[in-house]
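Here is a short briefing to read alongside the model. Take a look, and then we can walk through it together.

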Amino acid sequence: MLKGTCLLFKLILGLGNKDIESVKKISTFYIKNGIDMIDCSADTILEIQKNLKADNFDLNRVKFCVSVALLGDVHTRKAKINKNCVQCSNCKNVCSEGAIEKFENKYRVNSLKCSGCGHCEVVCKHRAVDIYNYNSFFADIETIKNPEIKLDILELHLSIKKKKKILEAFSKVCKNYKGNISVCISRKYFGNEKINKLIKELKNIFDMYNPNFEFMLQLDGNSVNNANDEYSSNLEALAFYKQFSNLDYKIIISGGLNFKTIELLKLFGLKPYGLAFGSYARKLFNSDKTKASDLVLEVRKFYSDN
Ligand code: SF4
Ligand code: SF4
């Protein structure tokens, strides 16, 4: 059970991020800097944990979350470069994941690193980027049933258009998976009223099959953002949380979080259960490690202040 614990800083490595060497390095760095939860893909969790154990790290000091996404959710996207490419490098310059590489004098997307953010597609003037979806939802859930894995929570990314499909998939997962579940949802397809109803329906299903475990929420704002330290990238996550902060669940916010998040939370008088940092934290790890550890300190200070 997660009850009684206090989660503050969650690091999102990205459910589309399957670049084992990179996730091992980033997770080790942030864990040693005192974060509370790692959120990674089903394909990388075992390697991350083996790496930490080899470094004599007690896995109980951090929570492990695996994220899986339903086909159609923005997190199931990847980019591919097609034959229209004229090698201008605009896409490479905007890719915060470092996923665009030159191979035999041609640009290509390293699908292990691509988060599907779509920024490359936006800047390409030659229609040379195709975005596609991949489906590994149920296969990923089978993967994490490996008893060697320490898993504290399974996170389901369920932002798709069809509510019926969300409920069907959720019921199937709850019947077959016994453990804590977090639902990550955005307002991309539904307004507040429909989201509120959906959350209640999901909770009822969860309680029916998993009464001894915890149901959590992750409210996703500006998903797969441009990873800059801007106020604007936070606004959807904060507005979303403001609407649902009275719900009786542990709620984490994500999507566009950065240093400005703390300033804005103070300004609006909000304190969610946890903050999930993704592309911004990964970018800091690659560009400025001092600032990356300052981010963890800043979040800790925010939560320790009354
Ligand atoms: S922006 Fe488009 S044309 Fe330029 S390198 Fe990237 S894919 Fe090729
Ligand atoms: S810009 Fe985004 S979608 Fe394009 S290759 Fe990089 S991570 Fe993938």
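The shell around ligand 2 is made up of nine nonpolar, four polar and one charged residues (Ala, Val, Leu, Ile, Met, Phe, Trp, Tyr, Cys and Pro count as nonpolar, Asp, Glu, Lys and Arg as charged, and the others, Gly among them, as polar). Please keep in mind that this is a predicted model, where local features need pLDDT of at least 70, side-chain atom pairs count only at pLDDT 80 or more, and totals for chains, interfaces and linings use all residues. Residues are numbered from 1 along each chain as its sequence is written, while chains are lettered from A and ligands numbered from 1 in the order in which they are written.

**Ligand 2**
- Ala79, Cys95, Cys114, Cys117 and Cys120 come nearest among the 14 residues around ligand 2 (near: C-beta atom, placed from the backbone, within 6 Å).

**Domains**
- The chain is assigned domain 1 (9-71 + 136-304) and domain 2 (76-133), with bounds from an automatic or database domain assignment.
- Their contact takes 12 residues from domain 1 and 11 residues from domain 2 (C-beta atoms, placed from the backbone, within 7 Å).
- On the side of domain 1 that touches domain 2, four residues are nonpolar, five polar and three charged.

**Helix 11**
- The buried residues of helix 11 are Ala292, Leu295, Val296 and Val299 (buried: 20 or more other C-beta atoms within 10 Å of its own; exposed: 12 or fewer; partly exposed in between; C-beta atoms placed from the backbone). Helices are DSSP runs (H or I, at least four residues) and so are strands (E, at least two), numbered from the N terminus.
- Thr290, Leu297, Lys301 and Ser304 are exposed on the other side of helix 11.
- Strand 1 (9-12), helix 1 (20-32), helix 9 (259-268), strand 12 (274-277) and helix 10 (279-287) pack against the buried residues of helix 11.

Note on methods
Two residues are in contact if their C-beta atoms, placed from the backbone, lie within 7 Å.
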